[in-house]
Amino acid sequence: PSASMLEEATISVTIPYMSIYNNLVMFDNAKPHESGDTIVPDLAESWSWDDTKTKLTFKLRQGVKWHDGKPFTAKDVQCTWNMLIGKANNEGFRKNPRAIWYFNLNEVTTNGDYEATFNLKAPQPALPLLLASGYSAVYPCHVSPRDMRTKPIGTGPFKFVEYKRGESIKLVKNADYFKKGRPYLDAIEFKI
């Protein structure tokens with residue numbers, strides 16, 4: 001239905017579009033089973049809980065750019081999750097099929113450009129597992145959720161080129177991808 005990872009609920013969206021985006025953390029694809037022990041950094045370099053287990057702080061990668069060249073910062077993390085819990089300008093954001101995932105999230109705060117903290121109402125040890133899901137992409141603050149449905153901009157290994165309804169979805173290599181040597185392909189075309 002759209003390219004919005006945060007508004008859609010099926011693998012028909014994650015399969016073609018997830019490579020446009022990045023998460024804070026993800027599951028290690030080389031491991032046979034997902035668990036808390038198989039979570040690895042993505043846009044976050046590291047993460048830690050406070051003593052109360054109600055604050056999860058992420059140290060973010062520096063030098064990451066959105067596909068339009070603007071810098072990725074903690075503000076983007078804050079905007080994404082505050083939008084998902086209804087505490088931000090939801091300009092054009094229509095639906096949240098995973099709202100229940102974040103029932104315990106009070107807000108996301110920032111400390112400078114490269115640190116974001118998830119402030120919870122009560123301890124929730126499973127939160128990193130939810131954040132490692134393919135449905136937990138970070139969105140840019142400077143692009144409206146409405147535009148993300150048809151012209152998605154991410155930080156991922158591939159950039160969106162075009163969608164022809166009933167025909168194809170085309171992506172091209174992100175030459176500025178922060179994971180050096182990736183992606184391995186120049187482009188991907190999904191035939192519908």
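User: Which residue in strand 6 is the bridge partner of T57?

Analyst: Happy to start there: this is a predicted model, where local features need pLDDT of at least 70, side-chain atom pairs count only at pLDDT 80 or more, and totals for chains, interfaces and linings use all residues. Residues are numbered from 1 along each chain as its sequence is written, and side-chain values use heavy atoms, leaving out hydrogens and water. Strand 4 (residues 55-60) and strand 6 run antiparallel and are joined by five bridges, where strands (E, at least two residues) and helices (H or I, at least four) are DSSP runs numbered from the N terminus. In strand 6, T57 has as its bridge partner T117.

User: Which strands stand at the edges of the four-strand sheet?

Analyst: The four strands form an open sheet in the order 3-4-6-5, with antiparallel pairing; two strands pair if DSSP finds at least two bridges between them. Each edge strand has a single partner strand, so one side of each is left without a neighbour in the sheet, and these are strand 3 and strand 5.

User: What is the average twist from one strand to the next in that sheet?

Analyst: The angle comes from lines fitted to C-alpha atoms (for helices, over the stretch in contact), and it runs from 0 to 180 degrees between N-to-C directions. From one strand to the next, the twist averages 20 degrees.

User: What angle does the direction of helix 2 make with that of strand 5?

Analyst: Helix 2 packs on the sheet and touches strand 4, strand 5 and strand 6, contact meaning heavy atoms within 4.5 Å. Between the directions of helix 2 and strand 5, the angle is about 165 degrees.

User: Which residue in the turn between strand 5 and strand 6 has a positive phi?

Analyst: Strand 5 (residues 105-110) pairs with strand 6 in the antiparallel sense over five bridges. Among the facing residues, V108 has F118 as its bridge partner, and T110 stands opposite A116. The two strands form a hairpin with four residues between them, and the turn residue with a positive phi of about 80 degrees is G112.

User: How many of the six residues of strand 6 are buried?

Analyst: Buried means under 20% relative accessible area, exposed means over 50%, and partly exposed is in between (1.4 Å probe, protein chains only). E115, T117 and N119 point one way from strand 6, while A116, F118 and L120 point the other way, and all are buried. Strand 6 (residues 115-120) is largely enclosed by the rest of the structure because the buried count is six of the six.

User: With which side chain does D76 make a polar contact?

Analyst: D76 lies in helix 2 (residues 74-84). D76 is buried yet has no salt bridge, and the nearest side chain of opposite charge, K75, is 9.6 Å away; here Lys and Arg count as positive and Asp and Glu as negative, with His and the chain ends not counted. A salt bridge needs a side-chain nitrogen of Lys or Arg within 4 Å of a carboxyl oxygen of Asp or Glu, whereas a polar contact is a pair of N or O atoms within 3.5 Å (within protein, one able to donate a hydrogen and the other to accept it; residues adjacent in sequence count only if both atoms are side-chain atoms). At 3.1 Å, the side chain of D76 makes such a contact with that of W66.

User: How many residues apart are R149 and E7?

Analyst: The side chains of R149 and E7 meet in a salt bridge at 3.0 Å, N to O. R149 sits in the loop between helix 4 (145-148) and strand 7, and E7 in the segment before helix 1 (11-17). Both residues are buried, and the pair links distant parts of the chain, with a separation in residues of 142.

User: Is K179 buried or partly exposed?

Analyst: D42 forms a salt bridge with K179, the closest N and O atoms being 2.7 Å apart. D42 lies in the loop between strand 2 (39-41) and strand 3 (44-49) and K179 in the loop between strand 8 and strand 9, so the pair ties together parts 137 residues apart in sequence. D42 counts as buried because its relative accessibility is 3%. With 23% relative accessibility, K179 counts as partly exposed.

User: Which residue in strand 8 is the bridge partner of Y163?

Analyst: Strand 7 and strand 8 (residues 168-173) pair in the antiparallel sense over six bridges. K159 stands opposite V172 in strand 8. For Y163, the bridge partner in strand 8 is I169.
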